[in-house]
Every structure is written in C-alpha cells, then in structure tokens.
Amino acid sequence: MSKIKVPPTETHEQRVELWEEIKKAGGIEPYIQQTLSAQGLAVHNNDTSRMNQKQKSAYKKSKRAEAEAEKVVRKATWKAYCATHLVHLGNGVFYNDLVDADKFDIENREQRISNNDLPNIEHVDALAEFLSLTLPEMRWLAYHRDATKNPHYKQFTIPKSDGSERVISAPRPKLKKAQHTILHKILDRMPIHGAAHGFVPGRSIASHADKHAGRKIVVKMDLKDFFPTLTFPRVKGLFRKIGYPEQVATVMALICTEPKRKEVEHDGEMYHVSLSHRSLPQGAPTSPTITNIVCMRLDRRMSGLAKKLGWSYSRYADDLVFSTNDTDINIGALLRLSEKVIRAEGFRRHPKKTHVMRQCNRQKVTGLIVNPTPSEEKTTSRVPRKVVRQVKAGIYNRLNGKPHKSGESLEQLRGLAAFINQTNPTLGRKFLDQIKTLVEREENEI
C-alpha cells in the first residue's frame, strides 16, 4: 500500500487536473492500468495450477497488493469524475451526463438562442462557468433532496389581505446569486405580453389598475395556486423551448424550483422534509419573470378573447382583470370562455375570487380604487382613503409622542407609504421622508 502513488485530489483544481490526465489515458480503466503498470503493481493473471505452494503464496500476495492499490487509484478517479460531471441530481430527477442527440430538441434550437441574444450554453460545464460555480457547487444547489438538514431557502410568512398567511421562500446567498444570473442574462431577454403588468420594468399595480379606471363594469379573476401550478417539468419545458439542451435545461429548472417543506424532528435532529413536487417558490428572484414568460400564450389568448367580446384585459401575476363601458354586455360569455382558456393553459380559476364590480359599488383592482372621480377630468387608480389615513395617523402619533396602533411598525408604515407613492408620488414621498426621520430618531435614541 505504501508503494502506490496517485496525484493529490484534495482540492477541486487538483481533481480537474487529474481528470485531464484520465482523458489523455483514454478513460478511467486505461488510466488505472497505466498507473499500476508504471508503479510496478500490475500483475498478469497466471494459471496457479502449475505453481508450487511458495509461488502461489507470492502470486496471491501480489494480487492482493494490486487489488488494494487499484482501490486507491479508483477512488481518486471517482473524485476526479465527480468534480467534472454532475453524475446524479436526486431522487426522481432524470439526468445523465451523456450528451447526445435529443429528439425533444426544438427545431433551429441554436437559431432561437441567437435571435433572443441569449448566452449559448451547450453543456453543464459551460453552465457552471456561466453561473461562476464549480460543478460540485452547482450540483449542490440543484440536487433534489426529499429531506435535508440545510435547505437552500429560508421560509417565513406574511399576512394576506384575507387574513390568511402567504409563505415566502427566500433563497440563501449562493443560490440567489445564481438565480439573479439566470434572471438578468436569460429570462429578462425573453419577450412577454403587453397585457402583463406584474414585475415588468415601467409597469406596476398602478398601470394595471389604470387600464380599468373609470369603467362601468370591472370583472376580476384570480388563478388558484399560481406559483405551485408552475412545476419543475413546466419550468424545464420553458428552458427547452427557449433553446437550451436537455442537461442544461434540467439544471436551470432545478435551480429555479423547490418543493414546499416542513420541519420535522428525528432522533434529536431537525430535517426539512419535502411535502410536494418542485415548483416556483415565492421569494426567488426568477419566479415572477418565469410566470410572465409561461403566461405569454395565456395573455395572448385572453387579450384576443377580450377584444372579440368587447372587453379590455390585463394581468398582474395571478390577478386577471377585464373591464368595459358596455352595460348590456354578456358577462356570462366572458366567464364561461375565459374559464376554458384558463384550464387549457394549465391553470385553475379560484372559485371564491371572481368578482363582477359595477360603478354603483366600490371597484378595486390590486388594492387600488378605480371608480370614476367626478372632480377629475381623467380617472386614475388611487389608494383607498383608509390606507392614507392610517399612514398619516401613524406618522403623526409618533412625531408627537402619542400612542400608536398596537402591532403597527415603522416597516409596515413604510410599505404602505411606498404603496401610496405608486399612485400619488407627492404624498407618498412626503410620508416616506417623515418615516425616514422617525427611523433616524429611533436609531439615535438607541
């Protein structure tokens, strides 16, 4: 055992260098044989029936030494292989490192990549370089685990307007950095429909609501379980459709998806156990843009349907809104046909969140009021007066040393002020400046 010498494989760079040597030798098996032969440890197979006892003992001893030496060399080659190949990406994930012709590739795949000015990534090693990761680091980020002690996401909840809680999954720094690279260098370059207003530069909840401001009838629909509906296969299909090959699309889809998890204690240790299939996590920077790209055909079909039936249409994430000034229009036809489109596109309409709003009642779109205002020539969306009063009172009480609403934090007031700023920049900026003053005062007191 002391005689065998193999190149060091303690670092990633050393393992990569060893793999280059293995490739020059013609593969793992030829490399092992060359290494054993070069060090005088290779033993030819001989017929022991013609050997005397002493010769047999010597032959067996040399074969045992060869076997032990082979174990050492093979272990080193496996480390080199794992440093330069992904090998396996977890239970239930189909993956292999063999790059061959794929019948599921779209036609003119390379041309589609070029037309959208996307980075040409043909292999997973090029993807790792693109993401500024080593292959083992990329495998660690992409690997699917049914149970793990160290999840890649930190989960927390925020309250929803209906009183329930929304689960937010925030990626940890290394994964978040990889997602940002995919977002800015690939996803942001893909076209999305003009009806999409969520998470799009230059558009907002205000631009979404303004499209329906002052209309006599507004119909609002929600898509049920929007992010969970966009599963790993659908996200992988998106990357395939963009033009990326099987292995590259698989890894990028894994990096952009995650199953819902629950903390479970076992033998005194805490595990994060998968509760569902992998889907887009709310909190990942890539998720909103992926939804807009996937919903391209939904938006196109809904826009065509709306135009045909006499409606205007726009979408903000899972919030679909139609509006019209025709009071005699057939609302039932819109509901019935839009339901067919939603199901055909792989989504479900939330049965309890479809609302028909007329001007005689409050019309609300993504939290903004869109009813007409007699005092203004042109109707625009606006924040409810209740929200403005809440922020104004919260700031006033703190500035004057008076008790404020229980459970109300400056961070909450800042969020509401930013909400107001989207439709009323003058008032919103005033509130934000006042809150900044309050924050600085609290810091100085500490």
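Let's start with the open sheet. Three strands form it, in the order β1-β6-β5, and the pairing is antiparallel. Strands here are DSSP E runs of at least two residues, and helices are H or I runs of at least four, numbered from the N terminus. Two strands pair if DSSP finds at least two bridges between them.

Which strands are at the edge? β1, residues 147–148, and β5, residues 261–266; each pairs on one side only. β6 covers residues 269–274, and β1 pairs with β6 over two bridges, antiparallel. Look at T148: its bridge partner in β6 is H272.

A word on the source. This is a predicted model: local features need pLDDT of at least 70, side-chain atom pairs count only at pLDDT 80 or more, and totals for chains, interfaces and linings use all residues. Residues are numbered from 1 along each chain as its sequence is written, and side-chain values use heavy atoms, without hydrogens and water.

Now the whole protein. It has 17 helices and 11 strands. The C-alpha trace spans about 110 × 60 × 40 Å along its principal axes. The radius of gyration is 31 Å, while a compact globule of 446 residues would have one near 22 Å. That radius is taken over C-alpha atoms, and the globule rule is 2.2 Å times the number of residues to the power 0.38.

How much is buried? Of the 446 residues, 43%. Buried means under 20% relative accessible area, with a 1.4 Å probe and protein chains only.

Last, contacts, meaning heavy atoms within 4.5 Å. Of those with a separation of 6 or more, 67% join residues 24 or more positions apart.

How values were computed
Buried < 20%, exposed > 50% of the residue type's maximum accessible area, 1.4 Å probe, protein only.
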